[in-house]
Structure formats: structure tokens, C-alpha cells
Number of protein chains: 2
Amino acid sequence: VLLCCKGLERGSLLLPPELVQNRPAAMLTGPNFAHEIAAGLPAAAVLAMADATARAALMEALRTETFRLYGSPDIVGAALGGAAKNVIAIAAGVVIGAGLGENARAALITRGLAEIARLASALGGRPETISGLSGLGDLLLTCTGTSSRNFSLGLALGQGQSLDAILSHRTTVTEGVATAPALLARAQAAGTEMPITEAVTNLLSGAQNIPQTAAALMGRALKDE
Amino acid sequence: VLLCCKGLERGSLLLPPELVQNRPAAMLTGPNFAHEIAAGLPAAAVLAMADATARAALMEALRTETFRLYGSPDIVGAALGGAAKNVIAIAAGVVIGAGLGENARAALITRGLAEIARLASALGGRPETISGLSGLGDLLLTCTGTSSRNFSLGLALGQGQSLDAILSHRTTVTEGVATAPALLARAQAAGTEMPITEAVTNLLSGAQNIPQTAAALMGRALKDE
């Protein structure tokens with residue numbers, strides 16, 4: 001089963017490959033706007049699958065002159081990056097919307113990836129997968145593409161609009177709104193601290209406002225990177 | 001000696017901390033536009049120093065309510081990220097200038113960081129430092145800041161202008177132009193492959209044009225991430 005979807009299942013909190021039973025699962029993911037690939041522009045993606053032989057065969061079958069594949073045995077890490085990046089994109093939007101600046105956005109994206117990498121480790125994946133195409137690469141697209149639903153939702157939140165008001169004007173799904181609390185719950189079950197995911201969850205639920213959230217993130221004990 | 005500069009010395013190809021002799025060296029680096037810090041906006045940076053006690057003391061001395069420091073023992077990795085990101089910023093500009101799209105830019109930035117991480121390992125640093133504030137974080141600022149000299153130089157190259165024509169209109173230094181060949185030479189001496197740095201070097205020297213460079217990058221043998 002070649003999975004091309006992203007996210008966590010609500011309720012079970014499972015990632016797509018964790019939902020596949022009794023069949024070998026593979027995952028295709030990365031920074032891929034479909035309209036660019038359809039136009040023949042160059043792109044790269046990850047083909048994640050435990051079995052190295054089947055993985056190499058799938059990579060050869062799916063590659064084209066303009067679509068370059070990288071292999072990875074880490075299907076959990078690849079699935080986690082694609083789900084979690086939407087939460088970081090919301091946070092990045094909040095920072096810009098609230099006028100906190102480019103330094104804060106760059107720091108928040110970097111530290112956001114670090115906490116996702118910690119969860120990847122806790123779930124049996126590899127932290128370095130999160131620095132790859134399925135994590136960082138996909139996040140770059142989400143945070144630079146002006147049409148990102150998650151980034152623009154964060155932007156509106158940062159400008160002071162309420163979540164209800166923002167969602168009432170949308171007919172599309174903004175994945176990160178459901179992903180943030182699910183990801184936080186999964187992290188808590190795994191014993192992993194995710195301060196940025198927690199901040200986004202608290203902002204979305206109304207439990208904290210932006211100054212409280214920013215102060216909580218900046219006031220944490222100093223530590224190594 | 002607390003180092004706040006970035007780059008490789010031409011000729012010797014040494015990083016700033018490698019140039020400090022007979023004194024303990026520390027490095028302060030990260031995604032920090034000075035004007036934002038001066039305005040009191042929140043920011044984070046890395047304080048890299050081998051000695052843990054001195055590092056912790058410096059971190060406490062330099063932190064403020066809006067300036068958050070993370071420690072790292074990896075001074076070589078921190079110095080390398082700050083130098084190499086200018087080369088990736090040029091490459092990202094070329095991709096956008098040549099109309100190759102957002103997918104290609106995201107892939108190139110991600111794979112660019114991967115090759116810098118390989119060199120960090122070869123030089124005795126930690127690859128994960130490159131995914132942190134001094135590498136990825138600083139690169140995000142360079143590639144999103146519209147005023148980046150390196151990104152805008154790549155953009156003009158991608159649009160077909162010659163390097164001489166671009167530089168003749170500039171009164172400021174575009175660091176990546178000198179860093180690319182120096183970084184490539186340092187990588188070759190360390191036995192590390194850096195295909196994106198090599199591509200930028202070849203573009204800047206006129207040894208390859210953009211279609212040749214893109215084809216060379218896309219046509220490489222498939223491999224694991």
C-alpha cells in the first residue's frame with residue numbers, strides 16, 4: 001500500500017502507516033505542489049518503506065527526469081513530518097501576524113522541527129528524517145507558499161481574529177487545527193515535551209493569548225540545542 | 001574570544017574558531033537581524049563553546065527577556081552553518097529566478113543542508129547542528145528576507161544576468177560568491193561530496209549554465225536520504 005496522505009487519525013492518534021495492517025506499507029511524501037509537478041518542473045520526494053528491495057523497485061518505477069526520489073527506511077518519521085508541519089505553519093503565521101518579526105519566525109520553525117524530531121525518536125523513527133524532504137522540505141513549502149491554509153490561519157490569529165471567525169469564512173479544511181491537539185496528545189502519551197505544539201494548541205483553544213504564549217516560550221530554562 | 005563573524009578565510013579555508021589560537025573560543029550565531037533585536041523583538045541564537053561551564057556563564061550573561069540562547073559544544077558546526085548558508089541562498093535564488101518553482105527550491109534547500117551536515121561531520125562537528133539555529137535557522141532568514149544580498153544575486157543569475165553585470169551594480173559584498181569556491185575546496189580536501197555547492201561554484205565561474213546544472217543535479221544516482 002503506497003500512502004500519499006498526511007495527518008494523524010483523530011481518536012486513535014495513529015499515523016497513516018500505523019493504520020495499515022497485514023500488508024507492506026510505503027509512504028510517498030515531500031515538498032510537492034501538484035500543479036508544479038504536472039507542469040514538468042523539477043521536484044524531489046521521499047519514498048519511505050522498511051523493505052529495501054521493494055523500496056528501490058518503487059523508486060525506479062516512480063522516478064521521472066524531473067521527479068527525483070530519495071529512499072528512507074523510516075516510514076514513521078516520514079509520516080510524522082508531513083502531519084506535524086501544519087502545526088508549525090500555524091505558529092509561523094501567528095508570529096508574523098502578531099508582528100513578532102522574522103527572527104522569531106526562523107527560531108520558531110527551527111525549534112518546532114527540533115521538537116518533532118524528538119517525537120520521531122520516541123515513536124521509533126529517526127530524528128534526522130525530520131530534517132529531510134518529508135519534514136523540513138515540506139514545511140518550507142507550507143511556510144513560503146502564500147496560499148498555505150495553515151500559515152494564513154495563523155496569520156489571522158496573530159492579527160487578533162478569533163478561531164471561530166476565521167473558520168466561519170472557510171470552506172476548506174485547515175488540517176493543523178485538528179492536528180495540533182492530536183499531536184500534543186500523542187506526544188504526551190510518548191512522554192515527549194513539545195512546547196510549540198502545546199502553545200499552538202492553547203492558542204487555538206483560547207486557553208492562552210499571544211503575549212502569554214510568547215512569554216512562556218521565551219521564559220523556559222536555558223538548555224543545549 | 002567570542003566570535004560574531006561568519007565565513008571561511010580565503011586561502012587557508014579556515015572557519016573563524018579555527019583561526020583563534022591560544023585562547024578559548026566561543027561563537028554566537030543564529031537567525032538574528034540586528035534591527036529586530038534592537039527593537040526588542042524576540043529572537044534566539046546559539047552560543048557554541050567546548051567548555052560547558054564557561055558556555056553556561058556566557059549564556060546567562062548574554063540572555064535577555066527577548067533574546068533566548070541555546071548552548072552547543074559544537075563550535076565547528078555552528079561556524080560552518082553560518083558560512084555555508086549563503087551558498088544555499090544563492091542556489092535558492094537561482095531556482096526562483098529561472099522559474100523552476102517552489103518544489104525545486106524546497107528540495108534544494110533541504111538537500112543543501114544535508115550536504116553541509118555531511119561536511120560538518122567530516123570536520124569533526126555534529127551533523128544535527130546544521131539543522132539548528134546556526135544552520136537551518138539562519139538560512140531561513142537569508143532565504144525569506146527580501147533584502148538578502150545572496151538570494152537576490154541568485155535571482156538575477158537565474159534570470160539570465162551575468163555575474164559581472166550583477167556585481168558591477170553592487171557596492172556591498174555578497175559573501176556567498178567567495179564562499180562557494182572556498183567551501184567546495186574545503187569539502188574536497190575533506191573528501192566530502194557537495195553537489196549543490198559545486199553547482200553554484202560552476203554557475204558563478206561560468207563553467208556550467210542553468211539547464212546543465214539542473215540536469216546534473218536531477219540525473220544523479222538514486223540513493224537514500
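Good morning. I begin with a glycine: in chain B, helix α4(B) is followed by Gly99(B), whose phi is positive, near 75°. Please keep in mind throughout that this is a predicted model.

Let us stay with that helix. α4 of chain B covers residues 75-97, which makes 23 residues. From its first C-alpha to its last, the helix reaches 34 Å, close to the 33 Å expected at 1.5 Å a residue. Along the way, α4(B) bends by about 30° at Ala84(B). How many of the residues of α4(B) are buried? The count is 22 of the 23, so the helix is largely enclosed by the rest of the structure. Here, buried means that a residue has under 20% relative accessible area.

I turn now to a sheet that draws on both chains. Its 5 strands form an open sheet with mixed pairing, in the order β1(A)-β2(A)-β3(A)-β4(A)-β5(B).

The largest pocket has a volume of about 960 Å³. Its lining consists of 41 residues, and those nearest its centre are Pro127(A), Glu128(A), Ser131(A), Glu128(B) and Ser131(B). The elements giving two or more residues to this lining are β4, α5 and β5 of chain A, together with β4 and α5 of chain B. By class, the lining divides into 14 nonpolar, 14 polar and 13 charged residues.

The second largest pocket has a volume of about 720 Å³. It is lined by 31 residues, of which Lys6(B), Lys85(B), Asn86(B), Arg149(B) and Glu175(B) are the closest to its centre. Which element provides the largest share? That is α9(B), with 4 residues. The lining of this second largest pocket has 14 nonpolar, 11 polar and 6 charged residues.

Thank you for your attention.

Key: Residues numbered from 1 in each chain as written. Chains lettered and ligands numbered in written order. Predicted model: local features only at pLDDT ≥ 70, side-chain atom pairs only at ≥ 80, totals over all residues. Heavy atoms only, no water. Pairing = 2+ DSSP bridges. Expected span 1.5 Å × (residues − 1). Bend = angle between axes of the 7 residues up to and from the residue. Buried < 20%, exposed > 50% of the residue type's maximum accessible area, 1.4 Å probe, protein only. 1 Å grid on protein atoms, 1.4 Å probe; cavity = no way out; pocket = protein on both sides within 12 Å on 5 of 7 lines; lining within 4 Å. Points joined across faces, edges and corners; volume = space filled by probe spheres on them. Nonpolar A, V, L, I, M, F, W, Y, C, P; charged D, E, K, R; others polar.
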